[in-house]
There are 2 protein chains.
Amino acid sequence: MAGNYPVSAETRERVMAAVDSLHYVVNVHAKALSGRVAGPVALVLRDITGPSLAHVAAGVEEEAGSRGRLSLVCSTKDDTKREDDLVQLMREQHAAAVLLVGGTVTDDAYHRRMAGYAKALDSAGSRLVLCGRPPLPAGVPATVVDYDNRGGAFQATAHLLTAGHRRVLFLGGAPGFSSAEERRLGYRDALRAHGVPHADELDTSGDYTRASGYLRTREALSAGVGFTAVFAGSDVVALGALAALREAGLSVPREVSVVGFDDVPFAADLTPALTTVRVPYEELGRTAVRLALDREVGFTSDNHVVLSTQLVIRDSVRPPAG
Amino acid sequence: MAGNYPVSAETRERVMAAVDSLHYVVNVHAKALSGRVAGPVALVLRDITGPSLAHVAAGVEEEAGSRGRLSLVCSTKDDTKREDDLVQLMREQHAAAVLLVGGTVTDDAYHRRMAGYAKALDSAGSRLVLCGRPPLPAGVPATVVDYDNRGGAFQATAHLLTAGHRRVLFLGGAPGFSSAEERRLGYRDALRAHGVPHADELDTSGDYTRASGYLRTREALSAGVGFTAVFAGSDVVALGALAALREAGLSVPREVSVVGFDDVPFAADLTPALTTVRVPYEELGRTAVRLALDREVGFTSDNHVVLSTQLVIRDSVRPPAG
């Protein structure tokens with residue numbers, strides 16, 4: 001088909017007719033293989049409407065675009081069959097890298113699936129990159145770009161404890177989820193560091209949704225567990241907490257302080273402007289693409305990077321009343 | 001390659017070796033052509049971090065997923081070269097449909113480009129779908145799903161005028177942009193319908209960004225143009241207007257009323273909760289996929305649908321003071 005095989009003109013013609021009937025697919029993909037058309041970068045995430053994941057996608061697009069590559073975003077809605085299909089599709093498309101983004105449950109089945117993806121992509125000259133997830137066992141050909149969930153949660157909780165709060169309601173994420181578990185560890189680290197006893201009734205789990213934040217705050221209020229501050233595991237959860245506190249007639253930050261996690265774009269536009277932990281989502285996307293592609297062109301490159309988070313202090317925290 | 005051409009065993013072997021070296025691409029794409037692997041649905045938008053466009057993507061994914069198809073999202077950052085590449089890539093991938101989403105400048109070059117895309121996709125058995133954009137000239141094989149920008153803007157402005165406002169600052173979108181121009185027409189329609197004279201100094205243009213909303217509101221205040229209400233062309237623009245009003249010590253809605261457009265998820269969580277025009281973004285995505293794919297399996301289907309918008313009344317509008 002490339003004109004460099006010794007076959008008769010007639011045979012070539014017949015083969016080329018077959019190729020034509022396949023809509024020049026061979027030609028295009030041969031170009032991709034020979035490097036004349038650069039393979040896209042694929043980003044696979046759980047839910048495209050999450051405001052923070054969209055910023056990872058923006059970082060990926062910026063970095064991929066600056067290198068002349070397209071990027072494609074797909075979401076799985078936690079359906080592993082769909083994830084399998086997407087990785088397979090991206091392998092067939094000669095994607096330069098496949099990025100899986102966002103915390104997940106890291107059980108044995110997950111590790112087996114990731115090892116399979118990593119090897120399948122590696123054998124096709126592509127690369128598996130995990131973003132915002134812990135590393136895989138040694139020997140699995142994958143790149144990992146994570147950020148400091150535990151350190152960020154420590155800072156947020158310590159900020160409340162330093163202001164004098166002793167009863168901090170923690171609206172944590174789903175049990176078993178990697179990033180949620182790390183944030184929970186950071187919350188507990190800070191309590192320990194400040195000599196504040198851990199209380200089970202203040203350490204809650206649930207989804208990172210507004211509804212979950214609202215319901216858990218309302219429950220804590222009606223159960224009378226007693227708290228003067230809330231550390232929400234995500235800004236969207238903080239939205240729900242703020243709504244429940246407002247509904248109960250409690251003023252933030254005068255009566256209850258609130259800290260979030262993520263620094264979504266509207267965090268500064270809430271009333272009060274939300275103190276939160278900034279995750280460098282765009283940088284996460286840019287770094288993932290950079291590490292995967294620099295590796296491709298032969299530079300040495302790190303395979304495991306952890307980006308730092310920072311506390312952004314606004315108006316939602318004050319010392320406890322009284 | 002499919003085993004049904006009369007060539008010698010030796011030739012076949014050589015051809016198959018060439019095919020193998022192309023990583024079974026032919027086979028996979030032959031499958032796609034024969035319908036055994038369903039082609040994905042591709043969504044092309046300007047900026048993936050726009051909160052409303054993410055909801056179009058969610059609707060597309062839901063509808064495509066329920067039909068056993070993957071969906072891919074890509075953004076162009078207004079780069080027509082990148083848009084060309086994406087449409088070409090999706091055509092090669094046998095995408096079932098390519099959806100271009102969001103208002104745009106509909107000049108001659110745009111119409112030529114769209115006609116080219118529509119024909120290229122049609123000849124490959126795919127379909128161009130425009131979402132949130134006006135229709136193309138008759139004869140171009142494309143499907144259009146738009147929503148009522150003009151009617152929504154009319155409702156929003158009329159709501160302010162009915163409350164007694166006479167000086168409504170309009171923070172409109174970029175000149176020439178299809179959806180922005182329609183919203184501007186709706187604003188002017190409502191003024192006319194209520195017998196309120198149009199004032200050039202109140203009818204402003206700019207980007208749909210928070211910064212633009214902030215700067216234009218601050219300028220209007222410092223120029224002393226005089227207004228008791230703001231109609232922002234998008235909720236993100238309204239965020240900027242609210243920040244500028246707060247900074248100037250003006251209370252919303254006591255001293256100035258504000259209406260937005262879009263109904264982004266956090267609109268109800270602002271203080272005051274924002275009265276705005278709800279655009280059925282998820283429904284837009286679902287309808288686009290439905291029309292494109294129902295057509296594919298042979299049902300008759302409409303090629304131009306306009307979804308309605310609705311005014312969502314919250315707490316940011318009151319009659320003018322005094």
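# Close-up views of a predicted two-chain model

View 1. Strand E3(B), residues 97-101, is mostly covered, with five of its five residues buried (buried: under 20% relative accessible area; exposed: over 50%; partly exposed: in between; 1.4 Å probe, protein chains only). Helices (H or I, at least four residues) and strands (E, at least two) are DSSP runs numbered from the N terminus. The model is predicted: local features need pLDDT of at least 70, side-chain atom pairs count only at pLDDT 80 or more, and totals for chains, interfaces and linings use all residues; side-chain values use heavy atoms, with hydrogens and water left out. Residues are numbered from 1 along each chain as its sequence is written, while chains are lettered from A and ligands numbered from 1 in the order in which they are written. In a regular strand the side chains alternate between the two faces of the sheet. In E3(B) both faces are covered: B:Ala97, B:Leu99 and B:Val101 are buried on one side, and B:Val98 and B:Leu100 are buried on the other. Strand E1(B), residues 41-45, pairs with E3(B) in the parallel sense over four bridges (two strands pair if DSSP finds at least two bridges between them). B:Val41 has B:Ala97 of E3(B) as its bridge partner. Strand E4(B), residues 128-131, also pairs with E3(B) in the parallel sense over four bridges, and B:Val129 of E4(B) stands opposite B:Leu99. From E3(B) the chain crosses through helix H5(B), residues 108-123, to E4(B) in a right-handed β-α-β crossover (right-handed: with the strands pointing away from the viewer, the path from the first strand over the helix to the second runs clockwise).

**View 2. The open sheet E7-E6-E8-E9 of chain A.** Four strands of chain A form this open sheet in the order E7-E6-E8-E9, with parallel pairing. Strand E7 (203-204) and strand E9 (257-259) of chain A stand at the edges, each with a single partner strand, so one side of each has no neighbour in the sheet. Helix H8(A), residues 210-223, packs on the sheet and touches E6 and E7 of chain A; the direction of H8(A) makes about 150 degrees with that of E6(A). Strand E6(A), residues 168-171, and strand E8(A), residues 229-232, pair in the parallel sense over four bridges. Here A:Phe170 stands opposite A:Phe231 of E8(A).

**View 3. Helices H8 and H9 of chain A.** H8(A) and helix H9(A), residues 235-247, pack at an angle of about 40 degrees, with their axes 6 Å apart (axes are lines fitted to C-alpha atoms, for helices over the stretch in contact, and angles run from 0 to 180 degrees between N-to-C directions). H8(A) is therefore oblique to H9(A) (under 35 degrees is roughly parallel, over 145 roughly antiparallel, 65 to 115 roughly perpendicular, and the rest oblique). The crossing of H8(A) and H9(A) is right-handed (left-handed: the near helix is turned anticlockwise from the far one by less than a right angle; right-handed: clockwise). The contact residues of H8(A) include A:Tyr214 and A:Leu221, and those of H9(A) include A:Val237 and A:Leu245 (contact: heavy atoms within 4.5 Å).

**View 4. The open sheet E7-E6-E8-E9 of chain B.** In chain B, an open sheet of four strands has the order E7-E6-E8-E9 and parallel pairing. Strand E7 (203-204) and strand E9 (257-259) of chain B are at the edges, each with a single partner strand. Strand E6(B), residues 168-171, runs parallel to E7(B) and is joined to E7(B) by two bridges. The bridge partner of B:Leu171 in E7(B) is B:Thr204.

**View 5. B:Ser179 in helix H7 of chain B.** B:Ser179 belongs to helix H7(B), residues 178-193. B:Ser179 counts as buried, at 6% relative accessibility. Leaving aside residues up to four places away in sequence, B:Ser179 touches B:Gly103 and B:Asn149.

**View 6. Backbone details in the loops.** Most residues other than glycine have a negative phi, and most peptide bonds are trans. The peptide bond from B:Val252 to B:Pro253 is cis, with omega near 5 degrees; B:Pro253 is in the loop between H9 and E9 of chain B. Another cis peptide bond joins B:Thr271 and B:Pro272, with omega about -5 degrees. A:Asp262 has a positive phi near 130 degrees and lies in the loop between E9 and strand E10 (276-278) of chain A. At 7% relative accessibility, A:Asp262 counts as buried, whereas B:Lys77, with a positive phi of about 50 degrees, is partly exposed at 41%.
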